[in-house]
Amino acid sequence: MHLYFGEDSQKYYRWQSFGPTDTQTASLWVDMDNLHKNQVRIHGILSNAHRQAARVALSFDFPFYGHYLRQIIIATGGFIYMGEITHRMLTATQYVAPLMANFDPSFTKNSTVRYSDNGNLFVVQWDKVRLKDREAAGPFTFQAALHKNGTIVFNYKDIPLPVEEINSTEHPLKVGLSDAFMGHLPTSLLSAKRRTIYEYHRVAIDTTKIVSGSAFEFTPLPTCLQHTSCDLCLTSNLTSSCGWCNTLQRCSDGIDRHRQEWLDYNCPEEVRLITILHKREMSSFTSPPNNGMTENTAIIAGVVAALVLLVALTLLAVYYINTHPTVAPPFYLMQRRTNNYWPSMKFRNQGCHSSYAEVELGGHEKEGFIEAEHCC
């Protein structure tokens, strides 16, 4: 498995930090000790394990980077994995990480990983967890809260030492959000396809602001995916760079979790044609008519011809994909473009120390992953 990483920007989330003296901080913290016992679950396996992860179902659809999720994976290492396809290197991408570090809840009986879901708010709390091989540094207590409207809150109750002093050699140290899309590349004509993860966006938080009694709040921004019609997709003032794909009935800028499908169904070409037609329609409304019905008739004829061509190309593409399942998808063509096609992407090797096992599956790999690294 190969991993490609993107740089930080505020395209998907707006965030702010709160210190111990800010009045908002206390209201953001979810006191799980005061909740009814039926509302709080202590995960028995995670509370007594190291580098383990467990799948949990949400009672509501949670929007993450515009994608609605109903399942998440809680990890002992202070983060939630938000991906659909699991692999041992869960720490690489697609995470909500209030404090990703090498925590070992199995060190003492007082360390627990517990969560609560009331239908509108899902909270995970790493309670009195200690760092592996640095247990004397003291217990950490912090939480991640997922609100139904997509807002994410990181709360920090007890941080016994500066986060920048935490060793990241044996385990990645990350605070923030990340999402990625999966691409499929054939390693050769006769071998299985290689899955390549592209992290298209990351929110990286300044760890010096993480102290006891601090908090971060992330507010989701509108995305192309929320538009359900061509007209809204192309004219909304809430988003930019959106394109409409008739075949998939989806609005997108082409950079989200569904990028592989977007390419497989030739959506970039559809977007190009539809955008041209839309601009012509807009110009016909704003420009004064010179030739009366003659010009209008020509525009209508052009629109009809373009739509007929678009439908024909779409049907041809779908037929070709269905009848040639072994042919490399258009993602392969995207990879052969110039190096500046992904100006914000760079390759970074991930060590074996970030390896995680999902407890429900006994640590087995899924989906035939081809890993870039092999542990001894």
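Cys 230 counts as partly exposed because its relative accessibility is 29%, where buried means under 20% relative accessible area, exposed over 50% and partly exposed in between, with a 1.4 Å probe and protein chains only. Cys 230 takes part in no disulfide, and the nearest cysteine sulfur, that of Cys 233, is 6.5 Å away. A disulfide is taken here as a pair of cysteine sulfur atoms within 2.5 Å.

The model is predicted: local features need pLDDT of at least 70 and side-chain atom pairs count only at pLDDT 80 or more, while totals for chains, interfaces and linings use all residues. Residues are numbered from 1 along each chain as its sequence is written, and side-chain values use heavy atoms, with hydrogens and water left out.

## Chain overview

The protein chain contains 6 helices and 18 strands; these are DSSP runs numbered from the N terminus, helices being H or I of at least four residues and strands E of at least two. Of its 376 residues, 45% are buried.

Contact means heavy atoms within 4.5 Å. Among contacts between residues at least 6 apart in sequence, 66% join residues at least 24 apart.

## Nonpolar core

A nonpolar core is a set of buried Ala, Val, Leu, Ile, Met, Phe, Trp, Tyr and Cys residues joined through side-chain atoms within 4.5 Å. The largest one in this chain has 47 residues, and those touching the most other members are Ile 74, Val 96, Phe 122, Phe 140, Ile 152 and Phe 154. Strand β4 (residues 52-64) supplies the largest share of this core, 6 residues.

Leaving aside residues up to four places away in sequence, Val 96 touches Phe 64, Phe 79, Ile 80, Met 82, Ala 144, Leu 146, Ile 152, Phe 154, Gly 176 and Leu 177. In soluble globular proteins, nonpolar side chains tend to be buried together.

## Disulfide of Cys 224 and Cys 242

A search of the whole structure finds 3 disulfides. In one of them, the sulfur atoms of Cys 224 and Cys 242 are 2.0 Å apart. The link is left-handed, with -85° about the S-S bond. Cys 224 lies in the loop between β14 (214-220) and α2 (230-235), and Cys 242 in the loop between α2 and β15 (243-245), so the pair ties together parts that are 18 residues apart in sequence. Both Cys 224 and Cys 242 are buried.

## Disulfide of Cys 233 and Cys 251

Cys 233 is joined to Cys 251 with an S to S distance of 2.1 Å. The angle about this S-S bond is 80°, and the link is right-handed. Distant parts of the chain are linked here, with Cys 233 in helix α2 and Cys 251 in strand β16 (residues 250-252), 18 residues apart.

Cys 233 counts as buried because its relative accessibility is 3%. Cys 251 is buried as well, with a relative accessible area of 1%.

## Disulfide of Cys 245 and Cys 267

The sulfur atoms of Cys 245 and Cys 267 are 2.1 Å apart and form a disulfide. This link is left-handed, with -65° about the S-S bond. The pair connects distant parts of the chain, 22 residues apart: Cys 245 is in strand β15 and Cys 267 in helix α4 (residues 267-286).

Cys 245 is buried, with a relative accessible area of 0%. Cys 267 counts as buried at 0% relative accessibility.
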